[in-house]
Number of protein chains: 2
Amino acid sequence: MSKPLILVVNDDGVTAPGIKALVEAVKDLGDVIVVAPDSPQSGMGHAITINKPLRIDKLKLFGEIPTYQCSGTPADCVKIAVDKILHRKPDLCVSGINHGSNSSINIIYSGTMSAAMEAALEGIPAVGFSLLNYRMDADFSACISIAKQICQEIIAKGIPTSTLLNVNIPDLKESEIKGKKVCRQAVAKWEEEYMERQDPFGRNYYWLTGKFVNHDQGEDTDEWALANGYVSIVPVQFDLTAHFALSYLNERWTL
Amino acid sequence: MSKPLILVVNDDGVTAPGIKALVEAVKDLGDVIVVAPDSPQSGMGHAITINKPLRIDKLKLFGEIPTYQCSGTPADCVKIAVDKILHRKPDLCVSGINHGSNSSINIIYSGTMSAAMEAALEGIPAVGFSLLNYRMDADFSACISIAKQICQEIIAKGIPTSTLLNVNIPDLKESEIKGKKVCRQAVAKWEEEYMERQDPFGRNYYWLTGKFVNHDQGEDTDEWALANGYVSIVPVQFDLTAHFALSYLNERWTL
C-alpha cells in the first residue's frame, strides 16, 4: 500500500513556527508536501485571488520535504497545490498550526480553517489546528503529538463526507491537557471597538480592538472544552443553509 | 414610530452600479446610510482587517443619503459602521447588489454575504442580494423592485434569529421572473484550473479559471430556482457545526 499524500498549509505564512510544528507532527504519517502563503494572512477568511495572478516558488525549509510558497491566500494555496503542484488529490490536508484560537465564531474569520474548508470542498479529508497562544514564541510541543494522534485517527477511521475538523488546543503543557472532546461551536461573539487616532496630517484612522464574549453555558461546546483543559474537535460543514428557517419563511412570508 | 435605520454595504465598492440599485430599492423604507469599500473586494470571503488601521471618508454620491467609503473589507464596513458611524444597531443591513452569483457554494467566497453575515452576528436582520450577471453594465431594474419587496417582508415579518438571507436574482426582465422561492443551498462546486503563463523574465505565473458544476438534482435548491426563472432565497446560518457528525466521531474515534 502506498503512503498517504499529506498536504500541509497554513495562514500565518510558510516561515511561521506553527507550520514547522505541523510538519513535525505529520512527517512520519505519509509523503508530505508544504504549500503555504509567502506572507501572513491572518483574518483572511475564505478569500480567494481572482483579479491578479499567483506565483509559486520552491523553497528549502523543511529538509527533504517539498515546500512551496504561494503569493495568494490560504484557500489559493490549496487550489493551486491540487491543480499545479500535486496534480492529484491528497489523502489528507492539514492546516496550521494557527497562532491563536479559531474556536467558536472565530472560524468564519479564519484563514487556517478556510484552507481546510477548501480542501474539504475538493473531497479531501481536512483538519485545521490552532493553539490558544498568539505569540510567535509559543510552545508547540504539546500540539505536535496531539496533531499527530488526530491525523492518525483521520487516516485510520475517516471523517464523514462534506465535513472537516476544527481542532483547538489549550495553551497548556502536554501533561496538563485532560483529553480531547468532540464539541459543537459555542454561541459566542466579538464585541468590537475601533480605537480612533489621528495621523500627522490631522486625519482620523481606526484600529480594530475588541473582546471575545461567550454567551453559551453549554458543556458540549468548544469554549467549555478549552476552558476546562481539553482539546476541542468541532466537525464543520459548508452547507450554510439554516434548514430550520425554511418553514418559518414559507409559512409567514408572502412570496 | 420612528423609521427603520437601514445600513447599505457591498463588496464591489461604493461606486459600483449594484449598490446604486440597492440604495434605490430601500430609500423609501427608512433612514438609509451607506458604508461601502473604497475599492472592489470580490472574493474576499469573510476577511477582516487586523494588522493595519482603517480609514473612512464621507462622500456625496447618493443625494442626501449619508455615504461613507471605508478602506477595509465588506465585513470591516459593517463593524466600523455600527461602532463609529451609526453608534447603534441598524434595523436592517442590506448588502449588494452583487455583480454576479452568490448561489450555493459561492457564498463562502462572497464578500457581499460576509458583510450580511457580520451584521447578523451583531443581531441585525441582514440580507445579501446578487444578480446573475457579472458585467458592470448589467440591468438592475428588475432587482430594484425585488429587493424592495424582500426588505419590506423582513421589516414586517422578520427572519429567524441567528440567520440571514442569501438572495440571488436571475438575469431576466422583471416580466420574465416567475416568482421567489425559499431554497436550500445546492451541492455544487468549482472545478478549478490555473492557466499558466510566463512573464517577460521567464518566471511562471498562474491565473485562476474554472467552471461551476452543480451536482445536485434537487428541485428545492437555489440552483434549480435560478435555472427555472425564480429568485432564490436561502436562509443562512453561522453555526458551522456539522451536528450529524458529532456521534460519528464519538462512536468511532479513540479520543
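Leaving out residues up to four places away in sequence, G43(A) touches Y109(A), G111(A), A47(B), I48(B), T49(B) and I50(B). Contact here means C-beta atoms, placed from the backbone, within 7 Å. This is a predicted model: local features need pLDDT of at least 70, side-chain atom pairs count only at pLDDT 80 or more, and totals for chains, interfaces and linings use all residues. Residues are numbered from 1 along each chain as its sequence is written, while chains are lettered from A and ligands numbered from 1 in the order in which they are written.

G43(A) sits in the loop between β2 (31-37) and β3 (56-62) of chain A. Helices (H or I, at least four residues) and strands (E, at least two) are DSSP runs, numbered from the N terminus. G43(A) is buried, with 21 other C-beta atoms within 10 Å. A residue counts as buried if 20 or more other C-beta atoms lie within 10 Å of its own, as exposed if 12 or fewer, and as partly exposed in between. The C-alpha atoms of G43(A) and G111(A) are separated by 6.0 Å, though the two residues are 68 apart along the chain.

**Helix α3 of chain A**

G111(A) is one of the buried residues of α3(A). Of the 11 residues of α3 (residues 111-121) of chain A, 11 are buried, so this helix is largely enclosed by the rest of the structure. Its buried residues pack against β1 (5-9), α2 (74-86), β5 (92-99), β6 (126-131) and β7 (163-169) of chain A. β9 (188-198) of chain B joins them. G123(A) follows α3(A), and its phi is positive, near 85 degrees.

**Two helix pairs**

Two packed helices are described by the angle between their axes and the distance between the axes. Axes are lines fitted to C-alpha atoms, for helices over the stretch in contact, and angles run from 0 to 180 degrees between N-to-C directions.

| Pair | Angle | Axis distance |
|---|---|---|
| α2(B) and α3(B) | about 30 degrees | 7 Å |
| α1(A) and α4(A) | about 50 degrees | 8 Å |

α1(A) is therefore oblique to α4(A). α2(B) and α3(B) are roughly parallel to each other. Angles under 35 degrees count as roughly parallel, over 145 as roughly antiparallel, 65 to 115 as roughly perpendicular and the rest as oblique. α2(B) passes α3(B) in a right-handed crossing. The crossing of α1(A) and α4(A) is right-handed. Right-handed means that the near helix is turned clockwise from the far one by less than a right angle, left-handed anticlockwise.

In the chain A pair, A21(A), L22(A), E24(A), A25(A) and V26(A) of α1(A) meet C143(A), I144(A), A147(A), K148(A) and C151(A) of α4(A). That contact has eight nonpolar, no polar and two charged residues. Ala, Val, Leu, Ile, Met, Phe, Trp, Tyr, Cys and Pro count as nonpolar, Asp, Glu, Lys and Arg as charged, and the others, Gly among them, as polar.

**Between the chains**

A rotation of 180 degrees with 0.0 Å of shift along its axis superposes chain A on chain B, with RMSD 0.0 Å. That is the relation of a two-fold axis. Superposition is by least squares on the C-alpha atoms of residues with pLDDT of at least 70 in both copies.

In the interface, 60 residues of chain A are in contact with 61 residues of chain B. On the side of chain A that touches chain B, α6(A) gives the most, with seven residues. By class, that side has 33 nonpolar, 14 polar and 13 charged residues. 100% of the interface residues of chain A are also interface residues in chain B, so the copies meet through the same surface.

Terms used
Two residues are in contact if their C-beta atoms, placed from the backbone, lie within 7 Å.
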